[in-house]
Amino acid sequence: MSFIAEKVHFNRKQRLQQLAFIVLVVVVCVAISKVHTPQSTVTLQTQPVGIMGTSCTLRITLPASCLQEGKQLLENAETELRRCEALTSNWLETSEISQFQRLEAEKKLPLSPFTRDVFLRAKKAMEETDGAFDITCGRLWNLWKDAEKTGVPPSAEKLHEGRQTSCWDAIVLEENAILKKNADVEVVTGGIAKGMAIDRALQTLRGENVLSAFVEVGGDTVVWENEMPVQIAGSSETLTLRNGGVCTSGHTERFFEIGGQKYSQILHPQTGMPVPRTFSVTVTAPDAATADIWATALEVLGPEGESLFLQHCPEGKVLFH
């Protein structure tokens with residue numbers, strides 16, 4: 001009897017082993033089929049109008065079964081871009097930046113988290129670029145903008161007065177607000193707000209089922225899980241962008257025109273003078289905000305500033321053209 005019992009036990013064990021082997025084979029076959037069978041995907045793209053007064057393209061690739069999710073993500077990204085612009089534009093009277101410009105001395109202004117982040121990132125950028133990037137040059141920038149109406153460049157005396165107000169000492173950032181200690185301090189968000197908004201839009205697009213994403217606003221671009229060649233205007237060179245941002249700073253499209261002469265809209269913070277219109281700069285970095293900041297700063301620093309950039313962003317690339 002003991003021999004028969006042992007034999008029956010052996011057969012059951014053998015059957016279990018065979019069953020386990022069959023299950024394993026099925027699992028492996030399913031896994032292989034998923035690897036080798038291309039998943040049906042769809043690429044969705046939209047080009048919203050009226051964002052920051054320039055071109056805009058939003059694009060994602062995701063499984064075809066997630067079409068509705070993709071459409072909603074594109075809509076959300078557009079909403080995020082418009083929200084960021086509404087908060088930090090120098091041209092919208094209702095933006096928090098415009099409200100800051102009108103703020104009296106020793107007065108506070110409640111800030112949204114995004115606008116506060118712009119100020120924080122800008123202050124850090126000023127330190128990293130050795131003062132070459134400084135959003136507190138707003139009063140200087142407005143002197144040159146006003147000069148377009150008079151046809152006469154700002155006087156040395158006016159520029160000196162403008163430089164006196166270009167400092168962070170008169171700005172105090174609090175947890176949910178900003179204190180303006182000097183009523184004459186003004187800021188200009190060009191060179192940072194757009195890059196940060198682009199990054200926010202990309203983050204919005206990175207849904208659970210999204211395979212790749214692309215955001216472009218006015219030529220400044222950021223991509224995720226995507227690789228693209230960047231053809232440099234006026235140059236035969238090409239940069240490859242993957243999982244990061246690229247921004248170009250130059251003078252061909254935006255400039256001050258005063259008395260028939262064109263001046264760069266990028267000012268040297270220490271002198272208040274426009275930088276020479278001798279070259280443009282294209283920068284790639286892990287995110288659009290970093291590329292945006294350094295493309296502007298390197299217009300001031302010139303090729304000598306490339307080593308400083310690589311010190312802070314070793315994975316980045318710079319091209320002067």
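**Which strand do five bridges join to β8, and in which sense do the two run?**

Strand β11 (residues 281–285) is joined to β8 by five bridges, and the two run antiparallel. Within this pairing, G245 stands opposite A285 in β11. Strands are DSSP runs of E with at least two residues, helices are runs of H or I with at least four, and both are numbered from the N terminus. Two strands are taken to pair if DSSP finds at least two bridges between them.

**Basis of the model**

The model is predicted: local features need pLDDT of at least 70, side-chain atom pairs count only at pLDDT 80 or more, and totals for chains, interfaces and linings use all residues. Residues are numbered from 1 along each chain as its sequence is written, and side-chain values use heavy atoms, with hydrogens and water left out.

**The seven-stranded sheet**

Seven strands form an open sheet with antiparallel pairing, in the order β1-β2-β6-β7-β8-β11-β12. At its edges stand β1 (41–46) and β12 (317–320), each with a single partner strand, so one side of each is left without a neighbour in the sheet. Neighbouring strands are turned against each other by 25° on average, direction ignored; axes are lines fitted to C-alpha atoms, for helices over the stretch in contact, and angles run from 0 to 180 degrees between N-to-C directions.

Strand β7 (residues 220–231) pairs with β8 (residues 238–249) over eight bridges in the antiparallel sense, and P229 stands opposite T240 in β8.

Helix α2 (residues 67–88) lies across β1, β2 (56–63) and β6, and runs at about 155° to β2. Contact here means heavy atoms within 4.5 Å.

Since R200 lies in α7 and D117 in helix α4 (residues 113–128), the pair ties together parts that are 83 residues apart in sequence. The structure holds eleven salt bridges, each defined as a side-chain nitrogen of Lys or Arg within 4 Å of a carboxyl oxygen of Asp or Glu.

**The second largest pocket**

The second largest pocket has a volume of about 180 Å³. Its lining includes D199, R200, L202, Q203 and R206, together with V222, V223 and W224. Among the other lining residues are N243, G244, P286 and D287. A pocket is an open set of points on a 1 Å grid over the protein atoms alone, where a 1.4 Å probe fits, with protein on both sides within 12 Å along at least five of seven lines; lining residues have an atom within 4 Å of a point. Grid points are joined across faces, edges and corners, and the volume is the space filled by probe spheres set on them.

Two or more lining residues come from each of α7, β7 and β8, and α7 gives the largest share, four residues. The lining divides into five nonpolar, three polar and four charged residues. Ala, Val, Leu, Ile, Met, Phe, Trp, Tyr, Cys and Pro count as nonpolar, Asp, Glu, Lys and Arg as charged, and the others, Gly among them, as polar.

**The three-stranded sheet**

An open, antiparallel sheet of three strands has the order β3-β5-β4. Its edge strands, β3 (107–110) and β4 (171–173), each pair on one side only. Three bridges link β4 with β5 (residues 177–180), and I178 in β5 is the bridge partner of L173.
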